[in-house]
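I opened this notebook to keep track of what I looked up, in the order in which I looked it up. Each entry takes one topic.

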Amino acid sequence: MVLGVIILLVTIVMILMIYNYSVHKKIDTFSNLNQRVTSLNVLQEFMNTLGESSTIKEKLENINDILINKYAIKYSTIVVFDGAEYVIKASNVDRKHWETLKNLQSDPVFGDSIRTATPKYVTVENENEKLPYQKMEFGRAKCAIFFPLYVDNVYIGYWIIEGSIPHEFDKIDTTILEVVRNNIVTILKTVENQSTIENIVRDDLYSGLKSAEYLYGEGKKVIDKYTTSAICIFKIINLPNINTEISRKTGDNIITQVSQFVRNNLAKEYLFVRYMGPKFAIIFSGADVGGVKNFMENMKRQIESLKIKPANDYIYKDQEENVIDENINSENEEKIENVEIIASPKIRVAISTYYKGTSLDGALKKIEEYIDLSDEDTISTL
């Protein structure tokens with residue numbers, strides 16, 4: 001009788017153990033499935049972030065925020081080599097720790113990880129210990145996973161996530177995180193061209209305007225606030241003649257005065273850049289072509305009414321002796337005051353509609369080609 005009860009109890013215990021193990025496996029499976037579903041959502045948000053009109057810095061910071069929020073990670077830091085040094089592109093760690101975090105590639109604990117292109121997991125056993133790479137911080141992070149980043153087999157930096165509890169990442173699905181790591185690399189490759197564009201934007205010397213590259217980086221954020229915008233290119237068509245027949249400095253003065261005049265008459269939300277040489281581009285954000293055409297007709301009249309005297313590099317011609325005075329000095333400037341030659345800019349204008357999500361560069365190129373081939377003196381709409 002007693003033996004039977006014991007056997008029954010043992011059987012019940014065994015059944016409960018099997019049941020608990022089954023439940024545990026289901027929980028693990030659900031947990032992994034949940035992580036995978038989360039990862040799909042994360043990847044979608046990554047793609048959405050790439051499509052946003054924002055700077056490289058903002059994109060990477062947004063991506064880092066997504067990782068932190070979706071995976072409940074305490075700390076996340078992305079570090080990339082910029083050609084000269086390792087730079088923290090995004091991090092939610094206090095800046096006082098950045099010097100340590102941007103030099104982890106030289107820490108021996110991560111040497112094998114970098115050489116083998118595999119993640120490295122480090123953790124402490126109790127609250128009184130600190131991670132190997134930590135210099136002066138004891139309470140911030142208690143475990144970390146280091147992911148080296150490679151582009152075409154070339155090491156470019158790393159992504160490191162940190163937790164505040166010992167062994168916090170013991171059961172995390174690292175295969176999912178490696179997929180995330182690969183997508184961080186993809187994003188870094190994707191935004192490389194945008195980064196180049198942002199870095200080559202310059203302020204033009206004579207016009208005081210941004211170069212055309214500004215429109216495809218920082219300026220795009222303003223443009224894409226609207227579904228459609230009117231885009232315009234105007235060209236000072238007689239600038240080459242002014243440069244050769246009067247003087248180069250006079251041509252430079254034409255550029256300066258035309259730029260200042262147009263800029264002073266534009267609303268702040270409109271973008272005005274020196275497109276190339278004698279060509280200028282204006283993006284009338286959110287405006288329609290009809291209204292812009294009326295505005296540019298008025299601008300054209302006023303620009304072409306500007307009267308600009310020759311600059312001091314103009315070579316004064318003595319009408320009686322028909323000789324050239326090559327002394328370009330204050331005496332020559334006094335002679336220029338009495339010269340009747342006046343430079344007036346002549347411009348050709350074309351306007352089109354830009355639709356958000358399409359190629360801005362392609363739309364502007366189409367207008368530029370038209371202006372270069374056209375001989376129209378009126379405002380053209382494409």
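**Entry 1: the whole chain**

I began with burial, and of the 382 residues of the protein chain 43% count as buried, where buried means under 20% relative accessible area, exposed means over 50%, and partly exposed lies in between (1.4 Å probe, protein chains only). I note that this is a predicted model, in which local features need pLDDT of at least 70 and side-chain atom pairs count only at pLDDT 80 or more, while totals for chains, interfaces and linings use all residues. Residues are numbered from 1 along each chain as its sequence is written, and side-chain values use heavy atoms, with hydrogens and water left out.

The accessible surface of the protein chain comes to about 21200 Å², and 52% of it belongs to carbon and sulfur atoms; such areas come from the Shrake-Rupley method with a 1.4 Å probe, and for residues only the protein chains shown count as cover. I then listed the elements and found 12 helices and 13 strands in the protein chain, which are DSSP runs numbered from the N terminus (helices are H or I, at least four residues; strands are E, at least two). For contacts, meaning heavy atoms within 4.5 Å, I took the pairs at least 6 apart in sequence, and 66% of these join residues at least 24 apart.

**Entry 2: the sheet of 5 strands**

In what order do the strands of the open sheet of 5 strands lie? I read the order as β2-β1-β5-β4-β3, with antiparallel pairing, and two strands pair if DSSP finds at least two bridges between them. At the edges I found β2 (86–91) and β3 (120–123), each of which pairs on one side only. From one strand to the next the twist averages 20°; the axes are lines fitted to C-alpha atoms, for helices over the stretch in contact, and angles run from 0 to 180 degrees between N-to-C directions.

I followed β3 to strand β4 (residues 143–151), to which 4 bridges join it in antiparallel fashion, and there I saw that Y121 has I145 in β4 as its bridge partner. The loop between β3 and β4 holds N128, which is exposed because its relative accessible area is 72%. The C-alpha atoms of N128 and K142 are separated by 9.5 Å, although the two residues are 14 residues apart along the chain.

**Entry 3: the sheet of 6 strands**

The other open sheet that I looked up has 6 strands in the order β6-β8-β9-β7-β12-β13, with mixed pairing. Its edge strands are β6 (210–211) and β13 (380–381), and each pairs on one side only. Inside this order β7 and β9 pair in the antiparallel sense over 6 bridges, and I233 stands opposite A281 in β9. Helix α10 packs on the sheet, where it touches β7, β9, β12 and β13, and its direction makes about 160° with that of β12. Helix α12 (residues 360–373) lies across β7, β8 (271–276), β9, β12 and β13, and runs at about 35° to β7.

**Entry 4: cores and a buried threonine**

Which residues touch the most other members of the largest nonpolar core? Of its 32 residues, I noted F234, V262, I282, F284, M296 and I351; a nonpolar core is a set of buried Ala, Val, Leu, Ile, Met, Phe, Trp, Tyr and Cys residues joined through side-chain atoms within 4.5 Å. The elements giving two or more residues to this core include β7 (228–236), α9 (248–264) and β12 (347–355). Apart from it lies another core, of 24 residues, among them Y71, L149, L177 and V185.

Leaving aside neighbours within four places in sequence, V262 is in contact with F234, F272, I282, M299 and I303. T250 has its place in helix α9 and is buried, because its relative accessible area is 0%.

**Entry 5: two positive phi values**

Most residues other than glycine have a negative phi. A117, in the loop between α4 (111–116) and β3, has a positive phi of about 60° although it is not a glycine, and at 36% relative accessibility A117 counts as partly exposed. H167, in the loop between β5 (154–163) and α5 (174–190), has a positive phi of about 65° and counts as partly exposed at 30% relative accessibility.
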